[in-house]
Each structure stands twice: as structure tokens, then as C-alpha cells.
Amino acid sequence: NITNNLSNRNKIKNGSMIVNQRGNQSSVTTSVYGLDRFQVGEAAAITYDINQSTESPNGFANSFHIDIQGAQASPSASHFMQLITPLEGFNVQDFAKGTSEAKQYTVSFYIKTNVTGNYALQITDDNSRSCSQLYTVSDANWNRYTVTFPADTTGAIDNDNTEGLRLTWHLLVGTDRSSGTMNTTWAATTTANIAAGQNANVASSTSNNWYITGVQLEVGSVATDFEHKTFAQE
């Protein structure tokens with residue numbers, strides 16, 4: 001009696017960070033795609049390197065590494081830095097979003113960084129609805145974090161190859177994105193609410209590093225073991 005798929009559970013492409021077709025990039029000062037399916041967005045006068053690192057937790061070979069080269073310790077209201085990954089509508093229909101049988105979303109991932117504190121993770125749909133949750137990094141070791149988002153009976157996702165869902169890890173937020181009250185349930189996106197409660201700033205020093213791997217998004221409220229796929233599948 002299998003109640004959930006043993007394979008094809010993970011909706012994220014390249015969650016183990018093994019594909020890097022664009023190559024490593026140095027002295028970046030704008031928003032760019034890095035490792036496949038993952039994009040750094042920034043508007044904070046930051047300079048950074050991104051690379052496919054071999055620094056990784058047990059069971060993984062690679063991670064996405066952001067290395068700060070030009071810091072922003074005192075961000076203005078409009079400043080931000082984030083990592084996003086978009087998902088096509090075709091691939092997320094089993095969340096049944098916008099129906100009476102809507103399912104929860106569970107995101108799990110491994111992070112290693114010397115920047116401790118509260119971080120916001122945001123999920124956004126193609127109807128400009130979103131919700132966010134905080135997770136806390138309390139040490140500089142590799143740790144697995146699990147964040148569960150509620151089901152949403154409003155706003156069905158288009159069943160096509162356009163962006164249906166987006167995950168956003170906020171790395172730096174000015175007050176434009178943090179001065180409100182975080183929507184921990186689905187609602188129309190309000191910029192001031194999306195990262196309320198975040199106090200971590202990955203760009204605060206040129207000594208800062210941030211690594212992520214093992215990114216998994218799956219249906220339901222349980223984070224299962226990471227689903228490793230072959231390089232060819234990714």
C-alpha cells in the first residue's frame with residue numbers, strides 16, 4: 001500500500017547541485033543564474049563569487065557556494081539579496097492548489113554558513129500569492145532544515161511550461177521587505193511582509209560564505225530522505 005511515490009518525489013531540478021553548465025562566476029555585481037535552475041538576485045551593491053563547491057554534507061558531492069567579495073553591512077530599505085529556483089506549472093499539479101483537496105508543501109535543504117540568525121524562505125505562485133516561513137541557523141555546520149507551507153485552496157496553478165511556483169531563500173533584506181508582518185499562510189503578496197523577522201545578512205562581511213545543497217520540495221507535511229537522481233536525469 002504505497003501512499004506516496006518512492007521516486008519522482010522531488011519537484012526541484014538539480015537540487016544536489018551537480019549540474020553547472022554556465023560555469024563558476026567571479027566578481028558578480030548583478031542578478032545572474034549560477035548552477036542550473038538556481039538564480040541569485042541582488043540589488044544591494046554587493047560583489048560576490050558563485051561556484052560549484054565540493055564543500056558538502058555527507059552523501060553529497062557538491063553545493064552552490066556564494067562567497068561575498070564586496071560587502072553591504074548597512075543595507076538601505078530597497079536592498080536585497082536572494083536565491084531563487086522556479087518550477088514549471090506542469091511539474092506541480094499534484095499539490096492540487098486552488099482546489100478543495102489542496103496539499104501542503106514541504107521544503108528541505110542543507111545549508112552551511114558562518115552567518116547565524118533568522119532567515120526567511122518564501123514560496124510564490126503564478127497568481128501573485130505567497131507565504132513565508134522563518135528558519136534559524138544557529139551554528140556554522142552543515143545542517144538539514146525543513147520548512148512546511150500550508151495548503152492553499154485558492155489560485156490554481158496554470159498547467160503549462162511557464163513558472164508555476166517559485167522558492168526564494170532571502171539572504172539580505174532591507175526594510176521594504178521586512179517591515180510588515182510575515183504571511184505564514186497564503187495571501188496576496190505584500191512586499192513588506194515577505195521576509196519580516198529575518199535578521200541575518202549574508203552580505204554583511206567579505207568573510208561570509210553561504211552554501212546550499214540537497215534542496216527538495218515534495219507533496220505533504222513530511223520531509224523524506226533526499227531523492228538523488230543521476231547526472232543524466234538532472
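Let me start with a definition: a residue is called buried when its relative accessible area is under 20%, exposed when that value is over 50%, and partly exposed in between, using a 1.4 Å probe and protein chains only. What we are looking at is a predicted model, in which local features need pLDDT of at least 70 and side-chain atom pairs count only at pLDDT 80 or more, while totals for chains, interfaces and linings use all residues. Residues are numbered from 1 along each chain as its sequence is written, and side-chain values use heavy atoms, with hydrogens and water left out.

Now to the overall fold. The protein has 0 helices and 13 strands, where helices (H or I, at least four residues) and strands (E, at least two) are DSSP runs numbered from the N terminus. Its radius of gyration, taken over C-alpha atoms, is 17 Å, close to the 17 Å that the globule rule (2.2 Å times the number of residues to the power 0.38) gives for 234 residues, so the protein is as compact as a globular protein of that length. Along the principal axes, the C-alpha trace spans about 50 × 40 × 30 Å, and 53% of the 234 residues count as buried.

As for contacts, meaning heavy atoms within 4.5 Å, if we take those between residues at least 6 apart in sequence, 73% join residues at least 24 apart.

Finally, one residue. Thr-168 sits in strand S11, which covers residues 163-173, and it counts as buried because its relative accessibility is 4%. Leaving aside residues up to four places away in sequence, Thr-168 touches Gln-82, Leu-83 and Ile-84, and also Ala-120, Leu-121 and Gln-122.
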